[in-house]
Each structure stands twice: as C-alpha cells, then as structure tokens.
Amino acid sequence: MASTLGIEYLYATATHAGPQGTLIAMLLGTVMAMMGSMALSGTGVRPKVRTAVFFPPAIGVGMLAGVAVAGRTDLMLCVFVAVMFVAVFVRRFGMAFFFYGFMIWMGYFFAAFLGAKLSMLPALLSAVGVATGWVLLLSLTVLRTNPRRTLRRVREAFGARARAVARASADLLTADPRRRARLRRRLHARQLSLSEAALMIEGWSAEPGALPAGWSGPALRRRLLDAHLAIDALAAAAETLAEDGGDLVPAAARIAGHLGRREYGAVEYAARPLLEARTDTAAPDTGRWPAHHLAAAAVEYVTLARTTTAPPPYEDITDEAYDPVVTLAQGNLPGSAAVASDVAARGSHWNPLSRLTLTTRQAIQVAVAGTLAILAGRELSQARYYWAVLAAFIAFAGTATRSETSIKAVNRVVGTLVGLGAGVGLAHLTAGHTGWVLVVIVTSMSLGFYLVNVSYACMIFFVTIMVSQLYSVLHEFSAGLLLLRLEETALGAAIGIAVAYFVLPTSTRDTVESARRAYFRALSDLLDRAASTRPDGAELDALARSLDHRLQQLTLVARPLTWGVDSRLVRHRLTLYAATTRQARALLRSGSPVPPELGSACAALSRAATALADTAPRPDHPAPEVTQALTTAATTLLTHRPPLTQPLVHLRQLLTELAMLPAPPPLPLPANQPS
C-alpha cells in the first residue's frame, strides 16, 4: 500500500491531475492495493493474472453506476442499496468475487459521493489500472509466495507448537495443585493449536512445488501424524502424573522442559534412567508407568525431529497422488461459512426465504441493514451517514452466524472508541508535518492488517488513527468530526446486529449442531476403517486429519458460545470432543489398524458415533441405539487386556459422556422448608 501511494502520486503528477486529482488517485490506489494484495495471495501465476485482469472492470461497473446517479440523492441512495446487495450476492461464485463485489461497492461509493462525471471515468480507471498493474507486479516478484519456503515455515511452526505443548506439560507437572486446572486448560489449548498447524501443512502440501524433493503428500502427513502422536502421548502422561503424583514427577518435568527448550541431547540423557528401569517391579502408586510413557514419547519425538529433512521410508505409501482434507482460503483455514453454508436460517417452516443459500440471505440482510443505516444515519448527519452504512456493510463480511456478526460489529465500535483518543493525540502532534503524517498512515495500515487475525478491534483502532491523519491532511480534522464518526459507527453496528438477529438469522447453535453431526460422521468413518481387517494406512491417515479438521470447525463455530450463559458447559463439551479426537488418533500408529481381535469393538464404537450424529444428547440417558452400540463395545473390551484396549476404552467413556447432558442443578428449597 505504501509503494502504491508513491506510484499513484508520481502518475498523477506526470499527468497534471492537480491537487484534488492527485489525492483521489492516491486514495483509489491505496484501496486497490489493500484489496488486491489480499485477492492475489495465492502461489500460481496464471490464477493471479486471471484474477487481477477483472479488477478495473469490477470497480468500473461500480463507478459507471455512481456516475449515472450522481446529483440525484434519492435515486443514488436506492442504487446504493442495490449495489450492496449485488456486492454480497456475487460471493457465491468464489473467493475472487468476494473482492470483486467489494470493488463494485467502492467504485460506486467513490463516483457517487464525489459527484463524478462521465468525463472523469478515464482518469479514475487509469489510476485503478496503474494500481492493479503495480500490485500484480509485486505479487509476482518481490512479494511472491514461495510455496516450498512457506511449507517449510509452517512445518517449523508445527515444531514450535509441539515444543509449546511440552513446556505446558512441564509447567503442569511442577505447578501448585491449586493452579493445575488452569494449566490443564492451557495444555489443551496448546494441543488444539498444534492440530491447526498440522491442518495448515495439510493444505500447503497440495500447492504445486511445495513439497521437498523425495517427499510426497501422504508421506509428509504420516510423518506429522507420528510426531503428533508422540506429543499427544507426552501430554497425556503428564496429565496422569500431575493427577497421581509420585517420586518421578520432577524427572518427567525435566524431560518435558528440555523438549520444550529444544535440548534434544538432554532429553535423551534424562529419559534413559526411566526407560531402562524395570517397570514390572514398580509399585502401582509411584507413577512409574506414566513416567516411562512420557520418556518414551519424548525420545520418539526427538528421533522424528532429528530426521525432519529425510524422506520417511514408509513402505505402504506408494501412491504419489495427494488429496488434502482441507483447502486453504488465502493461505488460512476456512472460516465458519464452510459449515454455515448448509444451515437454513431460523423460521424456515414459514418463511421460504430462509431456505435460500447463505450468500443470498446475507445479501438480503446487507440490503436491509444498508437501508436502515441510510435512514438513521442521515438523521445524525446529512453528509457523513456513509460511516453508518460502512459499519453495517462490513459487519457481514467474513461472518456467517448472527453471533459472529454481532461480535464483529461490537469490535468495530470498541476499536473506533479506543482509537479516537489516540487519533486526536497523534493528529495534534503531526499537524503541519506531511512527512510524519505519511509515516503514521503507513505504520497504522501495516499494524492494522498485521493484527487483524489477532483482533478485529485492533485493526479498527489503527484504521481510526489513519482516518484522523487523513482528515488532518484535508484540513477537516476536529474532535467533533471523530465523535460523529463514532456515533455513526455505533449506529450502523447496532443496525447490523439487529438485522443479523431478526432478518433471516443464521443461528450459531444450529451451525454448531451441523458441525457436531459432521464431526461424529468423520469419527465413524475413521473407526469403521480402522476396524477393517486390511485397512489402507494412507487412507487411515487422511481420515485422522479429516477428524482434526472437523474438530477445528466445531471449535470455530462454537467459540461465540463460550462467552454466553452456558459457557462452562460449552467449554467442557469442547474439551470432550478434543479428548475424543486425541484418543481416536492414538488408535493409529504408523498406519497400523487396531488388532483384529478388537475389530468388533471398534465397529461398535463406529455405530455409536453414527447414532450420535443422528441424535441429540439427552439429559438422562443415551439414545437406545447409542446405548446398544456402547454395550457391545464394552463386552468385547472386557475380554482383552490393556494396553491395546486403552484408547478404545477411553473412546467408549468419552462417547458415553458426549451422548448425555449433565443434569441441571436442583432447584433451591424455600427458606422456611426443611431440607
């Protein structure tokens, strides 16, 4: 964005555009650089060129519509609503159209509110073309994404997160008992982050040229699963040791700490006494077995980490074809729309519009919210009401459920409110110093987009600072103007929230229920395939990663509910789903299935998972089909000895708990009635 500002300034100067034309060209260039850099985030050259070619036509369509209605306020506002509908409706055609729709909207906004005439379109489109060409050139050269380098960095991130799990395990082992509950939750959160890194590797492995020489996608997936299993085993052993105690807790904590600090030689040295000791003579209360398992898991991970660059010699993986279980969106894991796209809006039994696709419903919501924001925003200001429209429009960008829309709208208001003070202070400091103004603008843009994945409110905080600097340059800055922006933003956010809740609302709980069903179907597929007498190891690996993906989606869409009335219940059940995923993953060890004699138990658990996908949890007892399958699994497991049955026993216990809801607390008795 910073370089595009300079390019547009030089272009406007060379064409003698004048002060106003130069400013408009720079603003257009910045907008195009912002959206273009995100739209051209892939790795292929042809897809980038094909996407960028349509940037000028998209923004040109919006400008042409804006020129056609310029000067006629009522007509301009009606078309404004129609343009918002179209900008969201076209998202159904793919990720590129998400940006095309936004460009149509921005083109209309520029032309209509500037009062542009048809004679101005060539100059405006020329500025757009210059910005498009420059951003495309940057994305193909100095800012080109190298898939192999990116995959290597994501693998390094996987290793860093694995060591973070080890450090969390060490902290749990050395903590005071009063802090163990919090540290256990932190350990589980680190394990979920590790699974997300594995899914990122899964997606990047499918990019052409990403895999190192001698590697294949299935082989890399197997290597990561082995490392993942080792870290899971280490964390499970640490939890058991922390609960049971014993003389070996300090030694186990040292091993986990060494692994967390990447001191691999120290890990092997510290683990040797625990691995060489005779475990069969240990007293049952000394924690010998979990300490032995922790040491073995740590050594196994160290062995894998030291051979991370060598292609793994997996004999059963011969097919070089690779079909990832997750497709990345702009280099990131898919958002909640991937789950909510199959969820009908509330009121589908009486409102046929509720059965429309998600993008069409959101287009209707945006049109309604935009209309209300125009009407209400003009009551506050006849000139600045577009801030309310922008807040209402952006609330539906990148969100799928009504809770997500509400959270994004609130974050926008919070970011604007906090940024107001910083913007006023910095505007006074940089007043009259154009160089410092540009430095603050570029820094604010950079920090805002860097932090957008951490917090949307942080991005809006820096955007508010940037807007303050722009108004300072335009000699329109005042504290009253920024306060008006806050009021219009709050009004637009409130309208967006109201529309999300009352106009074709996509329920968060319905979306969570859809993700829950998909999770249990993925679990059933994995268990059913593991029960086969001759399973395909590569297929088992893919099914294990598919289960990780379903857990990630379930956690994502359920996140808004972790702050509601039932937050404690939601967090507890998400913990159960994560534990179920880890136990299902523990069934796989280098592509090997469960022992043949346990196939019937595994098949019974598969049927239980299928039944759970079709039935909701009950408060008193599981559904009959779930109970029958779990009883069959228990009968089979009783005839075999651990440790082979341990993951299956844990899975049965977890599925039993997931099939039931906790009983509600008893109602309080009247004060005058004896208990």
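Reader: What makes the span of helix H21 close to the expected one?

Author: In this predicted model, H21 covers residues 508-530, which is 23 residues. From its first C-alpha to its last it reaches 33 Å, and 33 Å is also what is expected at 1.5 Å a residue.

Reader: What happens at the start of H21?

Author: There, a side-chain oxygen of Ser507 comes within 3.2 Å of the backbone nitrogen of Arg509.

Reader: Nice! How is a pair of packed helices described?

Author: Two values are used: the angle between the axes and the distance between the axes. For H21 and helix H23 (residues 567-586), the angle is about 15° and the axes are 11 Å apart.

Reader: Why is H21 called roughly parallel to H23?

Author: Angles under 35 degrees count as roughly parallel. The angle here is about 15°, so H21 is roughly parallel to H23. Their crossing is left-handed.

Reader: Which residues make the contact between H21 and H23?

Author: From H21 come Arg516, Tyr519, Phe520, Leu523 and Leu526, and from H23 come Tyr577, Thr580, Thr581 and Ala584.

Reader: Let's turn to another helix. How do you know that H10 is mostly covered?

Author: By counting buried residues: 23 of the 28 residues in H10 are buried. Helix H10 spans residues 217-244 and reaches 40 Å from its first C-alpha to its last, close to the 40 Å expected at 1.5 Å a residue. After H10 comes Gly245, with a positive phi near 75°.

Reader: Why is Ser472 called buried?

Author: Buried means under 20% relative accessible area. Ser472 has 16%, so Ser472 counts as buried. This residue sits in helix H19 (residues 456-473). Leaving out residues up to four places away in sequence, Ser472 touches Ala427, Ala431 and Phe477.

Reader: And what makes His16 exposed?

Author: Exposed means over 50%, and the relative accessible area of His16 is 72%, so His16 is exposed. You will find His16 in the loop between helix H1 (2-14) and helix H2 (18-39). The phi of His16 is near 55°, a positive value in a residue other than glycine.

Reader: What makes Gly480 partly exposed?

Author: The limit for exposed is over 50%. Gly480 has 48% relative accessibility, so Gly480 counts as partly exposed. Gly480 is in helix H20 (residues 479-502). Between Gly480 and Arg571 there are 43 Å in space, C-alpha to C-alpha, and the two are 91 residues apart in sequence.

Reader: What is Ala344 in contact with, and how far is its C-alpha from that of Thr506?

Author: Neighbours within four places in sequence aside, Ala344 is in contact with Ser354 and Arg361.

Note on methods
Residues numbered from 1 in each chain as written. Predicted model: local features only at pLDDT ≥ 70, side-chain atom pairs only at ≥ 80, totals over all residues. Heavy atoms only, no water. Helix = DSSP H or I, 4+ residues; strand = E, 2+ residues; numbered from the N terminus. Buried < 20%, exposed > 50% of the residue type's maximum accessible area, 1.4 Å probe, protein only. Contact = heavy atoms within 4.5 Å. Expected span 1.5 Å × (residues − 1). Polar contact = N/O pair within 3.5 Å; in protein donor to acceptor, adjacent residues only side chain to side chain. Axes fitted to C-alpha atoms, helices over the stretch in contact; angles between N-to-C directions. Parallel < 35°, antiparallel > 145°, perpendicular 65-115°, else oblique. Left-handed = near helix turned anticlockwise from the far one by under 90°.
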